[in-house]
Structures are given as C-alpha cells and as structure tokens.
Amino acid sequence: MTNPKIAVFHGPNLNLLGNREPAVYGSTTLEDINKRLVDQAGRLSVEIVCRQSNSESELIGWIQQSGDVNFIIINPAAYTHTSVALRDALSATGIPFIEVHLSNVHARETFRRHSYFSDIAMAVITGLGYQGYGYALDFAVKYINSKDN
Ligand code: DQA
C-alpha cells in the first residue's frame, strides 16, 4: 500500500514570509515552514508536497491535478477573500481540506472576515502562526488513517 499523500498550497505573497510584516505573519520563512512540514510528514509516514504561487491560475491548475491526493492544506492568502474560482476548484476535487491562516483574520480589517472557503472546508485554523500548518497536518493524518478507505 502506498503512503497517503497530502498537498500544501500557499497563496500569493506567502513567498515573502520572514520579511513580510513580521508583526502580523511572524518571522518564520516559507522555506522553514515547508521544511518543518516535510520533517513532520516523514515522522507520520505520509507523502507531502508543498507549493506556493502568486498566480490564481497556477493554484487552480495544481488543485485540478490533485487526483492522487488524500487531503489538502491550503492558505489561499488574499485569494481567501476574492476567489470563487479557487473555491470551485476545491469543490470540484471533493478532496477534504483545511484552510489555514497565519494571522487571526477575524481580528483584522473587516474585508478579511469573509472567506470563500470556510463553509466548504473541513476546518479553519487562523491566528496560530506557522504552527497552524503543523496542527492541520497532524489532523489530516489522523483523519486519513481513521477513515474506512
Ligand atoms: C493570510 C491572511 C490574508 O488575509 C492575507 O491576505 C494573507 C495571509 C494569513 O495567513 O494570515 O496574505 O492568509
């Protein structure tokens, strides 16, 4: 049997983590976040792929190509608040996913309180910084392993 596969998708401007508004997003770089996730996935015996794009079209393409993926962890970043197209791509796959935000989007500008993803996500983790991804990965593996599949 092959190991379960988890995809992590990071949206626009998350390539700047570390330098980007560290008071809001923390000082951990995207490379560090991905490295932690890869190490954690190794300990949990799951395959993981981590990808970042500033392009809505590229993110949609990756989601559409996720046929062999058991679970998605996604921080849609600014597309959270704008993208029906990304939402539709996730709906179309039917793959369970968790929406992650580094900052607490509910404690910021009003426009960040609306997400096109939260009502179709299995869960939303917002405001726990980079650790939110780790919690999402832990849950995803437990969920996959507990499912009759
Ligand atoms: C974010 C929150 C979004 O509102 C923002 O546009 C981002 C990052 C977060 O991780 O806190 O780019 O998704």
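1. Basis. The model is predicted: local features need pLDDT of at least 70, side-chain atom pairs count only at pLDDT 80 or more, and totals for chains, interfaces and linings use all residues. Residues are numbered from 1 along each chain as its sequence is written, and side-chain values use heavy atoms, with hydrogens and water left out.

2. Secondary structure. The chain has five helices and five strands, in the order β-α-α-β-α-β-α-β-β-α from the N terminus. Helices (H or I, at least four residues) and strands (E, at least two) are DSSP runs, numbered from the N terminus.

3. Overall form. Of the 149 residues, 48% count as buried, that is, under 20% relative accessible area with a 1.4 Å probe, protein chains only. Of the contacts (heavy atoms within 4.5 Å) between residues at least 6 apart in sequence, 76% join residues at least 24 apart.

4. Cores. The largest nonpolar core holds 24 residues, and Ile6, Ile73, Tyr133 and Leu137 have the most contacts inside it. Such a core is a set of buried Ala, Val, Leu, Ile, Met, Phe, Trp, Tyr and Cys residues joined through side-chain atoms within 4.5 Å. Two or more residues each come from strand E1 (5-10), helix H2 (30-43), strand E3 (71-75), strand E4 (97-101) and helix H5 (131-146); H5 gives the largest share, six residues. Apart from this core lies another, of 17 residues, including Trp62, Val69, Tyr79 and Phe97.

5. Leu137. Beyond neighbours within four places in sequence, Leu137 is in contact with residues including Ile6, Leu37, Leu44, Ile48 and Ile73.

6. Leu102. Leaving out residues up to four places away in sequence, Leu102 touches, among others, Leu14, Tyr25, Ile33, Asn75 and Tyr133. Gly26 is 76 residues from Leu102 in sequence, yet their C-alpha atoms are 8.0 Å apart.

7. Lining of the second largest pocket. The lining comprises 15 residues, of which Arg20, Tyr25, Ala77, Ala78 and Arg112 lie nearest the centre of the pocket. A pocket is an open set of points on a 1 Å grid over the protein atoms alone, where a 1.4 Å probe fits, with protein on both sides within 12 Å along at least five of seven lines; lining residues have an atom within 4 Å of a point.

Methods. Buried means under 20% relative accessible area, exposed over 50%, partly exposed in between (1.4 Å probe, protein chains only).
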